[in-house]
Amino acid sequence: MTLYILILLIPLLIFLPIGAAIVYHLRKYGLEGDSSKKLATIFIIVSLAIIILAIAAYLRIDWTKFDTFTFTFSNAF
Amino acid sequence: MANVSFPGQHTGENVALVIRRHPISMLFYIVSVCLIAPAPFIFFAVGPYFLPTVFVSPIIDLLILIAIIFYLFLWVFVYVAIIDYYFDTWIITNERILEVDQKRLFNRTVSELKLIKIQDITSEVPGIIATLVGYGNISLQSAGEMERFEFKQVPHPVETRKIIVDLYNKAVKNIAVTGTPAEKDSGGL
């Protein structure tokens, strides 16, 4: 059960530094008066929304049933 | 004059134009995203007909989670492409031309050319698509340097060239009247 959290954690740990680099670039290198700060805000909001969706999807899964997962999945083929 | 300013701008220096590549240069990314983005929806729509035993709980819930993570990384891909496009900029002021070349996230080059050092300026509209869409290349040859300053795939190349020529003429006149322009640098991009 506890190992299943890695399905969510590993992508998030990969995403976070890349996301931080994107926001850093947009905030640091944008020109005064252009849209880079707005782009950074949009990026943060949409990323947070997707992450919340991912957490919700993760919590929705009944991980206790996953003992039968391998069996069902292999039977599918 | 464009209503923007940038770090390292000299006092009395006005931004005349900020040029980015024509959006057509993003065509590869746009087509890629348009092709990739609907893939999970197609998978969820078609999948149950071909793999009915897989599309049951909790496997379907896991697939939904994987699809959401897929969209998270697609979102990053889109933004890396946006940064590559948006920060590839040419800033034309009444004193100089700054070329900011953003190659992916951590590779950034800034070059500068004084207007008065321009010796030759050429605009080029290469081919039918460029003519129809309205983009082209501009190349500048500066005095004493072999390397050319190039604006690639920029919109309205002819008009931009005319603006640069006007700014060059004004800069030369200004020097004739006031002498060498002051070069106060307060940092940089």
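A polar contact here is a pair of N or O atoms within 3.5 Å, where one atom must be able to donate a hydrogen and the other to accept it. By that rule, five residue pairs are in polar contact across the interface of chain A and chain B, both partners being at pLDDT 80 or more. Helix 1, helix 2 and helix 3 of chain A are the elements that give two or more residues to the side of chain A that touches chain B, and helix 2 gives the most, with 13 residues. The same interface has one salt bridge: the side chains of Arg60(A) and Asp61(B) meet at 2.7 Å, N to O.

All of this comes from a predicted model, so a word on confidence is in order. Chain A has a mean pLDDT of 84, with 83% of its residues at 70 or more. Helix 2 of chain A (residues 36-60) scores highest in that chain, at a mean of 93, while helix 3 (residues 69-76) scores lowest, at 55. Where pLDDT is low, the predicted coordinates should not be read in detail.

Back to how the two chains meet. In total, 41 residues of chain A are in contact with 35 residues of chain B. About 3400 Å² is buried between the chains, and carbon and sulfur atoms give 81% of that area. On the chain A side, His25(A), Tyr29(A) and Leu31(A) supply 18% of the area buried against chain B, more than any other three residues.

The largest nonpolar core has 36 residues, of which Ile22(A), Leu26(A), Phe43(A), Leu65(B) and Tyr79(B) touch the most other members. Two or more residues each come from helix 1 (6-29) and helix 2 of chain A and from helix 3 (59-86) of chain B. Helix 3 of chain B gives the largest share, 13 residues. Leaving out residues up to four places away in sequence, Ile22(A) touches Phe43(A) in its own chain, plus Val76(B), Tyr79(B), Val80(B), Ile83(B) and Leu105(B). A second, separate core holds 17 residues, among them Ala16(B), Trp90(B), Ile92(B) and Leu115(B).

Then there is Arg21(B), in the loop between strand 1 (15-20) and helix 1 (27-36) of chain B. Its relative accessible area is 13%, so Arg21(B) counts as buried, the cut-off being under 20%. The Arg21(B) side chain makes polar contacts with the side chains of Ser25(B), at 3.3 Å, and Asp88(B), at 3.2 Å. Beyond its neighbours within four places in sequence, Arg21(B) is in contact with residues including Asp84(B), Tyr85(B), Trp90(B), Lys152(B) and Pro155(B).

Terms used: Residues are numbered from 1 along each chain as its sequence is written. Chains are lettered from A and ligands numbered from 1 in the order in which they are written. Side-chain values use heavy atoms; hydrogens and water are left out. pLDDT is the predictor's confidence in each residue, from 0 to 100. Helices (H or I, at least four residues) and strands (E, at least two) are DSSP runs, numbered from the N terminus. Buried means under 20% relative accessible area, exposed over 50%, partly exposed in between (1.4 Å probe, protein chains only). Contact means heavy atoms within 4.5 Å. A nonpolar core is a set of buried Ala, Val, Leu, Ile, Met, Phe, Trp, Tyr and Cys residues joined through side-chain atoms within 4.5 Å. Buried area is the accessible area (1.4 Å probe) that two parts lose on being put together, summed over both. A salt bridge is a side-chain nitrogen of Lys or Arg within 4 Å of a carboxyl oxygen of Asp or Glu.
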